[in-house]
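These are my notes from a first reading of a structure that was new to me. I wrote down each thing I looked up, in the order in which I looked.

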Amino acid sequence: MNILKELANRDRVFDFLAPADSPVDVRHGPILYMENVTVSFDGFKAIDNLNLTIDDGELRCIIGPNGAGKTTMMDIITGKTRPDAGQVWFGTRHDLLTMKEPEIAHLGIGRKFQKPTVFEALTVFENLELAMSVDKRVIPTLTARLNGEMRDRIDEVLVMTGLVAQRHQLAGILSHGQKQWLEIGMLIMQRPRLLLVDEPVAGMTEQEMERTAELLTGLAGKQSVVVVEHDMGFVRSIARKVTVLHQGSVLAEGSMDQVQSDPRVIEVYLGESEEAA
Amino acid sequence: MHWLGRPFQERSTQRFLGILIVALAVVTVLNLALPAGHPLHVSTYTVTLLGKYLSYALLAVAVDLVWGYLGILSLGHGAFFALGGYAMGMYLMRQIGDRGVYGHPVLPDFMVFLNWDSLPWYWQGFDMAWFAFAMVLLAPGVLALVFGFLAFRSRVTGVYLSIITQALTFALMLAFFRNEMGFGGNNGLTDFKELLGFNLRSDVTRVGLFIASGVALALGYIVCRAIVGSKLGRVCIASRDAEARTRFLGYRVERVQLFVFVVSAMLAGVAGALYVPQVGIINPSEFSPLFSIEIVVWVALGGRATLYGAVIGAILVNYAKTVFTGVMPEAWLFALGGLFVLVTVLLPKGIAGLLAWRFKRSESSGPGHGDLTAGEATT
């Protein structure tokens with residue numbers, strides 16, 4: 001009887017009816033959990049028994065020499081490549097291995113590719129507007145109108161990416177660094193829970209790198225960010241925790257200092273690049 | 001419906017509509033109010049010629065919508081134009097009634113000539129104006145829907161799509177040439193008498209058709225501006241320049257393409273329906289691939305992705321064609337080709353690009369350039 005009374009109470013919003021802010025469940029652990037993942041292409045093991053966990057709100061840098069499996073790892077997370085074995089979980093509720101690429105993207109995993117692709121014939125503002133997570137079907141798009149909240153959201157991202165002054169400029173005339181920031185901004189507009197960023201500072205000047213570092217560290221806490229990068233100076237400037245990949249599995253993990261003093265790491269990677277730098 | 005009202009706030013649209021309304025009014029007054037001998041009198045022949053140019057201009061706007069903003073080079077828009085024209089032609093044929101050469105109460109002359117004893121099913125209903133006018137939109141619209149659905153779903157784009165559209169219009173031309181199709185074969189439909197009860201040979205009807213063409217051009221222009229000025233228009237430009245990236249953002253690019261393609265085909269159909277009563281005939285030559293390519297040349301000359309450039313291109317080229325084919329007809333194709341080469345080399349953005357450059361020097365905000373519209377300012 002009590003249950004009937006409860007149901008008749010029209011003020012009450014039941015848990016299952018309340019719109020979930022994000023369906024990703026991170027109450028009991030990390031936002032990304034990879035266990036014993038293995039992928040091989042024609043016998044070559046690109047990823048070999050990889051174990052990796054990313055905490056909610058963490059900023060993690062992944063480094064490793066060429067062919068260490070960094071890009072393949074991102075492909076697995078975004079659903080582009082299917083592993084031969086292992087488990088990949090997003091939160092504790094979503095098994096990413098059973099989901100398709102668009103579903104994973106919709107769930108809140110955003111990926112920034114190496115080469116910036118922005119819509120050059122549109123302004124910075126319009127680029128962000130198109131990236132906003134709203135109804136993207138044809139007719140709603142035709143009749144779409146920006147409300148105050150959406151404008152605020154775009155303004156917020158413009159401030160975050162330092163593109164306020166360029167808001168009405170065509171994206172095509174932005175510098176290389178500005179295009180990278182705009183693209184990160186377009187990812188942020190989609191409110192991802194986890195951002196995968198592939199080599200964000202390739203080809204950037206020192207100042208642009210500093211701005212990018214600020215941008216990425218500013219994102220951490222609100223979103224989880226995974227950065228794959230070659231530039232050691234840049235990694236040192238942003239990373240709290242670094243994971244070193246080598247031949248498809250984790251070689252070392254820890255703070256930059258810990259990792260740098262690890263003899264195995266020095267052998268395969270850091271030693272050479274320190275000298276080169 | 002705020003998105004339909006948005007174009008009225010744009011300066012370029014206001015300017016375009018202003019020029020169009022003034023031109024319509026001036027030509028009408030000079031034709032009706034002045035006596036035939038007056039030096040400023042515009043003959044009814046000229047009015048009809050201008051009306052034809054206006055219907056071509058609407059066709060060019062339709063092509064610019066898909067080519068300029070969506071990056072789909074359709075070399076088959078003549079097919080949609082001709083289908084609209086045939087729908088109108090069928091209505092006009094039924095209006096002849098028993099005044100045909102053979103005096104049959106229902107059947108058009110060519111059917112009597114072919115010894116047909118009854119009207120084919122697809123001619124039913126065309127005696128009613130509302131049905132025929134609905135078909136002016138529906139026939140091209142449905143063809144574009146089916147064709148576009150198949151093409152865009154399979155992600156056919158670029159040169160391949162252009163070739164397929166060309167094949168589409170060519171196939172339709174061959175089909176309509178056949179007497180068995182029931183559309184008058186290579187003679188097409190002609191000998192029209194009345195439209196909605198108005199005698200097509202009277203001066204007033206001809207001026208009315210000219211004004212109707214102008215109004216249709218204005219409405220079509222506003223619809224296109226409303227689309228390209230909306231967020232959907234920005235998605236079009238985005239998918240034109242980086243289709244994969246647009247998909248990655250979550251837009252169903254093939255649906256956007258289909259929607260805009262169908263709208264464009266319907267506008268082309270309306271243009272064809274206005275063209276037919278003014279020239280007095282519709283035959284399969286409107287389906288010819290060459291005509292569809294000519295439309296693209298008008299748009300290229302006028303300037304892509306501006307809409308008003310397409311209007312300028314269509315009117316100028318067709319005026320030049322009228323003059324040339326009168327003076328030295330054999331030189332026309334060379335002149336058209338030469339003009340096309342010249343503009344491509346010297347004015348890659350067409351005449352509109354030249355205008356935009358001129359305006360930009362005199363005022364800070366130039367006319368609404370397709371790829372320069374500030375989304376925030378217009379939303």
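Predicted model: local features only at pLDDT ≥ 70, side-chain atom pairs only at ≥ 80, totals over all residues.

Entry 1: I then looked up who takes part, and found 30 residues from chain B and 28 residues from chain A in the contact.

**Entry 2: the chain B side.** I asked which elements of chain B give two or more residues to the side that touches chain A, and found helices H1 (2–5), H9 (231–241), H10 (243–248), H11 (253–279) and H16 (375–378). H9(B) gives the most, with eight residues. Sorted by class, the residues on this side of chain B are 14 nonpolar, seven polar and nine charged.

**Entry 3: polar links between the chains.** I counted two salt bridges between chain B and chain A, and five residue pairs in polar contact, with both residues at pLDDT 80 or more. One salt bridge that I looked at joins the side chains of A:Glu129 and B:Arg234, at 2.8 Å from N to O.

**Entry 4: a salt bridge within chain A.** Over all chains the count comes to 22 salt bridges. I picked out the one between the side chains of A:Arg60 and A:Glu253, at 3.2 Å from N to O. A:Arg60 lies in strand E3 (residues 59–63) and A:Glu253 in strand E10 (residues 249–254), so this pair ties together parts of chain A that are 193 residues apart in sequence.

**Entry 5: two helices of chain B.** I followed the axes of H12 (residues 289–302) and H13 (residues 308–327), which come within 7 Å and cross at roughly 115°, and the crossing is right-handed. Among the residues that meet there are B:Trp298 and B:Leu301 in H12(B), and B:Gly313 and B:Val317 in H13(B). By class, I recorded six nonpolar, four polar and two charged residues in this contact of H12(B) with H13(B).

Note on methods: Residues numbered from 1 in each chain as written. Chains lettered and ligands numbered in written order. Heavy atoms only, no water. Axes fitted to C-alpha atoms, helices over the stretch in contact; angles between N-to-C directions. Helix = DSSP H or I, 4+ residues; strand = E, 2+ residues; numbered from the N terminus. Left-handed = near helix turned anticlockwise from the far one by under 90°. Contact = heavy atoms within 4.5 Å. Nonpolar A, V, L, I, M, F, W, Y, C, P; charged D, E, K, R; others polar. Salt bridge = Lys/Arg side-chain N within 4 Å of Asp/Glu carboxyl O. Polar contact = N/O pair within 3.5 Å; in protein donor to acceptor, adjacent residues only side chain to side chain.
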